[in-house]
Amino acid sequence: MTEELGANFGPEILNLIDEDGNEHEFELLDELDLDGEHYIAIFPTAANSEDYFNSDGELIIMKIDKNDPDESFMHIESEEEFDKVSAIFVERLSDEFEFIYPEDEE
């Protein structure tokens, strides 16, 4: 039982390749199904703690392209869809993270 728990302990890391072929590493924070679509909330990982604290800390929300057999991730084009999904992720993650909106920084 201990080995089983230990195997699942720690963040789930995703390595995604952008359209230019560059690989980027992200921590999967949450995922959800909504209105027949699957969405993920990810956060860029940092090589060290200094990079982490100096980053802009932007949460990235994407959806899975169901038309792609490789399940590629795509940006959410619709502002209404993005607002709806991001509100759910913010609510679900607000116990673990403090969210600061650009208008809050002014």
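The model is predicted, so local features require pLDDT of at least 70 and side-chain atom pairs count only at pLDDT 80 or more, while totals for chains, interfaces and linings use all residues. Residues are numbered from 1 along each chain as its sequence is written, and side-chain values use heavy atoms, with hydrogens and water left out. The protein has 3 helices and 5 strands; helices (H or I, at least four residues) and strands (E, at least two) are DSSP runs, numbered from the N terminus.

**Overall architecture**

- From the N terminus on, the elements follow the order α-β-β-β-α-β-β-α.
- Of the 106 residues, 22% count as buried; buried means under 20% relative accessible area, exposed over 50%, and partly exposed in between, with a 1.4 Å probe and protein chains only.
- Among contacts with a separation of 6 or more, 34% come from residues 24 or more positions apart, where contact means heavy atoms within 4.5 Å.

**The sheet**

- The 5 strands form an open sheet in the order S1-S2-S3-S4-S5, with antiparallel pairing; two strands pair if DSSP finds at least two bridges between them.
- Strand S1 (12-17) and strand S5 (73-74) stand at the edges with a single partner strand each, so one side of each lacks a neighbour in the sheet.
- S2 and S3 run antiparallel and are joined by 8 bridges, and Glu31 has Ile40 in S3 as its bridge partner.
- The hairpin of S2 and S3 has 2 residues between the strands, and Asp35 takes a positive phi near 50 degrees there.
- S3 and S4 pair in the antiparallel sense over 4 bridges; Ala41 has Ile61 in S4 as its bridge partner.
- Strand S4 (residues 60-64) pairs with S5 in the antiparallel sense over 2 bridges, and the bridge partner of Lys63 in S5 is Met74.
- S3 is largely enclosed by the rest of the structure, because 6 of its 8 residues are buried.

**Helix H3 and Ser86**

- Helix H3 (residues 79-93) lies across S2, strand S3 (37-44) and S4, and runs at about 95 degrees to S2; axes are lines fitted to C-alpha atoms, for helices over the stretch in contact, and angles run from 0 to 180 degrees between N-to-C directions.
- Ser86 lies in helix H3 and counts as buried at 15% relative accessibility.
- A polar atom of the Ser86 side chain lies 3.2 Å from the backbone oxygen of Asp83.

**Asp30**

- Asp30 is placed in strand S2 (residues 23-34), and at 15% relative accessibility Asp30 counts as buried.
- Leaving aside neighbours within four places in sequence, Asp30 is in contact with Tyr39, Ile40, Ala41, Phe89, Arg92 and Leu93.
- The side chains of Asp30 and Arg92 are joined by a polar contact of 2.8 Å (a pair of N or O atoms within 3.5 Å; within protein, one must be able to donate a hydrogen and the other to accept it, and residues adjacent in sequence count only if both atoms are side-chain atoms).
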